[in-house]
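Please look over the sequence and the fold shown here before reading on. The report that accompanies them is meant to be read with both in view.

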Amino acid sequence: MLTEKIIQFKVHSNSSGNLCVYESGDKVPFDIKRIFTVTAKKNEIRGNHSHKICKQLLVCVSGEIEVTCDDGLNQRIYRLSEMGKGLLIPAGIWASEKYINEGSVLMVLCDQAYEKNDYIFNYEEFKKTIRIKIK
């Protein structure tokens, strides 16, 4: 069964601030094809979809975000609140993100360019797709 995992990145800190590097082939286990950021109001939920092909690495670069991952059988909840920790989500996982703090920023690194047909937005369709893959 597909599963997500936490990846720890090295944060370089000094008296002037912090720097964290995300490079393909190092800790990011795919070639990065797209990067985007998402914000939302406090307690808003974003995401609520799965991908057929695209893998994603989610990093909370500011604030705190709760990510719920669902493989069709089990749900797991992760709290992201530091730029040195990323959540790798493979294709075939339903994910939703709850923005815990006002001003939270989620950075998403993807192994695919945007493709409208890669998204599954209907949870029942997602569960049917997962059941087909499990058989």
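## Basis of the description

This is a predicted model, in which local features need pLDDT of at least 70 and side-chain atom pairs count only at pLDDT 80 or more, while totals for chains, interfaces and linings use all residues. Residues are numbered from 1 along each chain as its sequence is written, and side-chain values use heavy atoms, with hydrogens and water left out.

## Two open sheets

Helices (H or I, at least four residues) and strands (E, at least two) are taken as DSSP runs and numbered from the N terminus, and two strands are said to pair if DSSP finds at least two bridges between them. Strands of a sheet pair through backbone hydrogen bonds, either parallel or antiparallel.

## The β7-β8 hairpin

Strand β7 (residues 65-70) and strand β8 (residues 75-80) run antiparallel and are joined by six bridges; the bridge partner of V67 in β8 is Y78. The two strands form a hairpin with four residues between them, and in the turn G72 has a positive phi of about 95°.

## Nonpolar cores

A nonpolar core is a set of buried Ala, Val, Leu, Ile, Met, Phe, Trp, Tyr and Cys residues joined through side-chain atoms within 4.5 Å; buried means under 20% relative accessible area, exposed over 50%, and partly exposed in between (1.4 Å probe, protein chains only). In soluble globular proteins, nonpolar side chains tend to be buried together. The largest core here has 18 residues, of which L58, V67, C69, L87, I89 and L106 touch the most other members. Two or more residues of this core come from each of β6, β7, β8, β9, β10 (94-99) and β11 (105-110). Apart from it lies another core, of 11 residues, among them I7, C20, F30 and L57.

With contact taken as heavy atoms within 4.5 Å, and not counting residues up to four places away in sequence, L58 touches V67, L80, K85, G86, L87, I89, E97, L106, M107 and V108.

## A buried aspartate

D111 lies in the loop between β11 and β12 and is buried, because its relative accessible area is 9%. Its side chain reaches the backbone nitrogen of K55 at 2.8 Å. Leaving aside neighbours within four places in sequence, D111 is in contact with F30, D31, K33, I53, C54 and K55.

## Aromatic pairs

Rings of Phe, Tyr and Trp (its six-membered ring) pair if their centres lie within 6.5 Å, and planes under 30 degrees apart count as stacked, over 60 as edge-to-face and the rest as tilted. A search of the whole structure finds six aromatic pairs. The rings of F9 and Y22 have centres 4.9 Å apart and planes at 70°, so this pair is edge-to-face. The pair links distant parts of the chain, 13 residues apart, with F9 in the loop between β1 and β2 (11-14) and Y22 in the loop between β3 (17-20) and β4. F9 is buried, with a relative accessible area of 5%, and Y22 is buried as well, at 18%.

Y123 and F126 form a tilted aromatic pair, 5.7 Å centre to centre with 35° between the planes. Both lie in helix α1, three residues apart, about one turn of the helix. Y123 counts as partly exposed at 26% relative accessibility, whereas F126 counts as buried at 1%. Ring pairs link W94, Y123 and F126 into a cluster.

## A further residue of the helix

Helix α1 (residues 123-134) also holds R131, which counts as partly exposed at 44% relative accessibility. The C-alpha atoms of R131 and I53, 78 residues apart along the chain, are separated by 16 Å.

Technical notes: Polar contact = N/O pair within 3.5 Å; in protein donor to acceptor, adjacent residues only side chain to side chain.
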